[in-house]
Amino acid sequence: MTMHKRTLGTTGPQVSALGLGCMGMSALYGEADRAESIATIHAALDAGITLLDTGDFYAMGHNEMLIGEALRTAPAALREQARVSVKFGALRDPDGAWSGYDGRPAAVKNFAAYSLQRLGVDHIDVYRIARLDPDVPVEETVGAIAELVEKGYVRHIGLSEVGAATIRRAAATAPISDLQIEYSLISRGIEDEVLPTTRELGIAVTAYGVLSRGLISGHFTSDRRLAPNDFRAMSPRFQGENLQHNLGLVEALRAIAAHKGVTVAQIAIAWVLSRGEDIVPLVGARTRERLAESLGALDVTLDEADLDAIERAVPADAAAGDRYPAAQMAHLGSK
């Protein structure tokens, strides 16, 4: 395994070719094991992964504290290599319900103060609002992050789940290093307008959901019972006929993976890696076993014949069902 480096845009930091998305270690995918989560973060750092992604609202700060503990207990050399990306702005109720987004400048600085404390760091490497606040112009939110950059509390400004026009407005306000957005074999909407815009402006992409929340990992089965607190229990792609259709796509992908002697997950991650040096896939491994499998994607080379076969097996727009329930889809930026 060779861990290559990529740069988050023309203004961002150099990071590993894969990043570790830590959300599932705290929330939305059922119970997680704290000790195993920390061991997985340590294993990721030891393997050369430098980018750790979180959100201040993942289990109401639990995920940031988990990463903070993992960094404190990691060897100094690995801790110094780590680059932490934080999303902010999502509002939660005590019972865990979602109640909107807050991108006001005062709120931006307030969120950052708490994140710095929970993470136990003196700066955040990439800071971004999780979803655009519809009541606050993006220029105001980005401008507030730019003030944090000037003061040394943030190193780089990112965006999350916004469309081409918003990207342009944000980039006209301050240098943007990276856009975090869902991108996988079955979530390819960014290819039409968003990806050409980021490339024109020199903005990198950190791609989350590269295994579509486990759907195209090769490990999900139609008889799997999901916990009530598992996001996928409400996700349209995991329901009824949609699930059966989507698992059919996985079986087509499995045949290609078997021919190459690799796993379905490795093929899916390798496909995202093949999309360009400006794209950094985030793998959501919650255990060292799944992390090791994901890292194996770095050794998978896809030639033109492989890519053609994958395209035939899983064409764009082949998935059944939206990637979020309708209420959440309404918060995703298309402008």
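Met 60 is found in the loop between strand S4 (51-55) and helix H2 (62-72). The model it belongs to is predicted. Its protein chain holds twelve helices and twelve strands, and 57% of its 335 residues count as buried.

**Met 60**
- The phi angle of Met 60 is near 50°, which is a positive value in a residue other than glycine.
- Met 60 counts as partly exposed because its relative accessibility is 44%, a value that falls between the 20% limit for buried and the 50% limit for exposed.

**Arg 213**
- Arg 213 sits in the loop that runs between strand S11 (204-208) and helix H8 (240-260).
- Although Arg 213 is not a glycine, its phi is positive, at about 60°.
- Is Arg 213 buried or exposed? Arg 213 has 11% relative accessibility and therefore counts as buried, the cut-off being under 20%.

**Glu 161**
- Glu 161 belongs to the loop between strand S9 (154-160) and helix H6 (164-173).
- The relative accessible area of Glu 161 is 2%, so this residue is buried.
- Which backbone atom does the side chain of Glu 161 reach? The side chain of Glu 161 comes to 3.4 Å from the backbone nitrogen of Glu 182.

**Dimensions of the chain**
- The radius of gyration of the protein chain is 19 Å. A compact globule of 335 residues would have a value near 20 Å, so the chain agrees with that expectation.

**Contacts within the chain**
- Taking contacts between residues at least 6 apart in sequence, 75% join residues at least 24 apart.

**Surface and charge**
- The protein chain exposes about 14100 Å², and 51% of this area is supplied by carbon and sulfur atoms.
- The chain carries 33 positive and 43 negative charges. The mean positions of these two sets of charges are 2 Å apart.

Technical notes
Residues numbered from 1 in each chain as written. Predicted model: local features only at pLDDT ≥ 70, side-chain atom pairs only at ≥ 80, totals over all residues. Heavy atoms only, no water. Helix = DSSP H or I, 4+ residues; strand = E, 2+ residues; numbered from the N terminus. Buried < 20%, exposed > 50% of the residue type's maximum accessible area, 1.4 Å probe, protein only. Polar contact = N/O pair within 3.5 Å; in protein donor to acceptor, adjacent residues only side chain to side chain. Rg over C-alpha atoms; globule rule 2.2 N^0.38 Å. Contact = heavy atoms within 4.5 Å. Areas by Shrake-Rupley, 256 points an atom, 1.4 Å probe, with all protein chains shown as cover. Lys, Arg positive; Asp, Glu negative; His and termini not counted. Charge placed at Lys NZ, Arg CZ, Asp CG, Glu CD.
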